[in-house]
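Dear colleague,

I am passing on the structure below, and I would be glad if you could look through it alongside the notes that follow.

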Amino acid sequence: MQEVAHKNWSPTSWKDKPVKQLPEYPDQDRLDKSFETLKSLPPLVTSWEIEALKDKLANVAAGKAFLLQGGDCAESFDATKAPKIVNMVKVLLQTSFILIHEMGVPVLRVGRIAGQYAKPRSNDFEMVNGEEIHNYRGDLINGYESESGIRMPDPQRLLEGYHKAGLTLNFLRALADEGFADLHHPEQWELDFMQNNEYYAEYEDMVNSITKAVRFVESIAPDTFSTLQKVDFYTSHEALNLYYDSAQTRPVPRKKGYFNLSAHMVWLGNRTRDLDGAHVEYFKGINNPVGIKVGPPYEIDETMKLIETLNPNHEAGKIVLITRFGKDTVEKELPKLIQAVRREGFPVVWSSDPMHGNTFSTDGGIKTRNFDDILSEVQSSFAIHRSEGSYLGGVHLELTGDNVTECVGGAKGLGEKELQHNYETFCDPRLNYEQSLEMAFLVAREWKK
Ligand code: PEP
Ligand code: MN
């Protein structure tokens with residue numbers, strides 16, 4: 001168990017450090033009031049659940065399980081609606097079933113959900129009709145519409161974020177309780193889209209085999225699925241708006257130290273991991289498992305110091321190192337990082353985020369990602385870990401259960417011209433339902449090599 005990192009640490013000691021990616025709120029009094037209210041509200045998750053996840057992540061670090069982390073780039077408050085949540089749970093469950101079936105190891109499901117409301121941006125401001133207004137930083141901070149009042153950081157949104165996260169989580173827990181019901185209905189797998197794909201026969205065999213296995217177990221042990229019914233489902237977000245996260249960071253009676261009780265796992269973004277910065281200061285004192293995004297620009301030595309700083313006791317299951325180099329850079333950078341981590345003896349979970357290093361804009365200016373580029377980084381990452389004698393234990397994907405058109409490629413061959421048909425994301429492009437299932441099959445194929 002990690003204790004508080006240093007004696008001057010508190011959930012708000014980050015305020016004495018330089019903070020990136022957090023705009024100044026115009027009204028300190030209103031900010032203080034929202035912060036105090038948020039501090040007094042009940043936790044969204046418990047320390048037991050957080051510790052259970054950490055134990056399971058230790059199994060991933062040991063090569064005995066796999067981590068599937070996925071969800072929207074940014075959730076929006078308006079999308080806190082039943083069909084969206086149902087579709088997200090469905091796609092995460094089905095992709096996890098594919099992985100479990102193909103890999104034969106437990107799969108941890110960690111959603112980018114119920115709190116993924118804040119986004120890092122390259123610029124604080126943008127010009128709209130000759131006026132300089134705040135950039136949109138996610139619903140937790142300001143509104144999307146490009147109007148100066150709506151773009152003003154509003155601390156009331158910290159409370160709205162908490163309430164939306166609570167509603168999402170409540171429904172998510174109920175759906176996860178019924179999770180195995182999905183397995184009984186192969187027609188819900190919607191695989192027709194893959195019919196023209198070279199792997200279709202393999203996909204179909206797999207779904208049939210899952211269905212058969214369920215029927216067989218049900219016939220010999222009818223109660224199995226009622227006892228298995230509760231599937232584990234964990235939540236995560238980038239702890240970017242430190243007001244939101246620190247107001248929900250508390251001691252618990254049963255353990256030493258502090259827990260961020262707004263999510264099971266939080267991660268440190270690629271732009272906020274400076275050793276002397278506010279975000280690292282905050283992350284030093286929490287007991288949750290934490291993700292660290294690593295991609296260009298980065299330095300090996302600094303990354304090693306960061307891991308040591310956040311996990312001085314070398315606790316297994318504490319750090320998920322999420323690499324996001326891009327398909328053309330991964331071969332040069334990942335081997336060095338794996339070697340350095342091994343040299344230091346850090347027990348990290350290795351995960352690959354093949355999304356954030358592979359974003360580009362079409363000639364028409366639409367931000368997208370190519371399915372083949374995403375797959376290429378996944379393939380390279382598996383191959384590199386294998387040749388370094390290391391274990392790639394997870395993937396980190398931006399995906400949705402909805403039928404959006406945001407990433408090009410995949411079995412249906414979605415083209416650039418079709419992107420505008422159903423381009424919904426406020427932020428980065430996500431794999432749609434079909435692309436997500438297909439990616440799961442292909443991740444499992446790589447894992448098995
Ligand atoms: C993200 O995960 O949405 C993100 C912004 O990633 P990164 O910090 O790796 O750029
Ligand atoms: Mn993103």
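Leu268 stands opposite Ile292 in E9, where helices (H or I, at least four residues) and strands (E, at least two) are DSSP runs numbered from the N terminus. This is a predicted model, in which local features need pLDDT of at least 70 and side-chain atom pairs count only at pLDDT 80 or more, while totals for chains, interfaces and linings use all residues. Residues are numbered from 1 along each chain as its sequence is written, and chains are lettered from A and ligands numbered from 1 in the order in which they are written.

The pair formed by Leu268 and Ile292 belongs to the parallel pairing of strand E8 (residues 265-268) with strand E9 (residues 290-294), which runs over 3 bridges; two strands pair if DSSP finds at least two bridges between them. Val266 has Val290 as its bridge partner in E9. Strand E5 (residues 234-238) also pairs with E8 in the parallel sense, over 3 bridges, and here Glu238 stands opposite Trp267.

**Around ligand 1**

The residues around ligand 1 are Cys73, Pro120, Glu238, Gly269, Asn270, Arg271, Lys293, Gly295, Arg324, His356 and Asp428, a residue being near a molecule or strand if its C-beta atom, placed from the backbone, lies within 6 Å of it. By class, this shell has 2 nonpolar, 4 polar and 5 charged residues; Ala, Val, Leu, Ile, Met, Phe, Trp, Tyr, Cys and Pro count as nonpolar, Asp, Glu, Lys and Arg as charged, and the others, Gly among them, as polar.

Helix H12 (residues 371-387) has 17 residues and reaches 24 Å from its first C-alpha to its last, close to the 24 Å expected at 1.5 Å a residue, the expected span being 1.5 Å times one less than the number of residues. Its buried residues include Phe371, Ile374, Leu375, Val378, Phe382 and Ile384, as well as Asp373 and Glu377. Among the elements covering the buried residues of H12 are strand E10 (319-323), helix H11 (330-344) and helix H13 (433-448). H12 is followed by Gly389, whose phi is positive, near 70°.

Helix H3 (residues 82-103) has 22 residues that should span 32 Å at 1.5 Å a residue, and its end C-alpha atoms, 31 Å apart, agree with this. Just after H3, Gly104 takes a positive phi of about 70°.

Most residues other than glycine have a negative phi, and most peptide bonds are trans. Gln21, in the segment before helix H1 (28-40), has a positive phi of about 65° although it is not a glycine, and with 21 C-beta neighbours inside 10 Å Gln21 counts as buried. Ala114, in the loop between strand E2 (107-112) and strand E3 (125-128), likewise has a positive phi, of about 60°, and is buried, with 30 other C-beta atoms within 10 Å. A cis peptide bond with omega about -10° joins Pro296 and Pro297, and Pro297 is found in the loop between E9 and helix H10 (300-310).

Leu172, in helix H5 (residues 156-177), is in contact with Ile85, Val89, Ile113, Ala114 and Phe233, leaving aside its neighbours within four places in sequence; contact here requires C-beta atoms, placed from the backbone, within 7 Å.

Notes. Buried ≥ 20, exposed ≤ 12 C-beta atoms within 10 Å, placed from the backbone. Contact = placed C-beta atoms within 7 Å.
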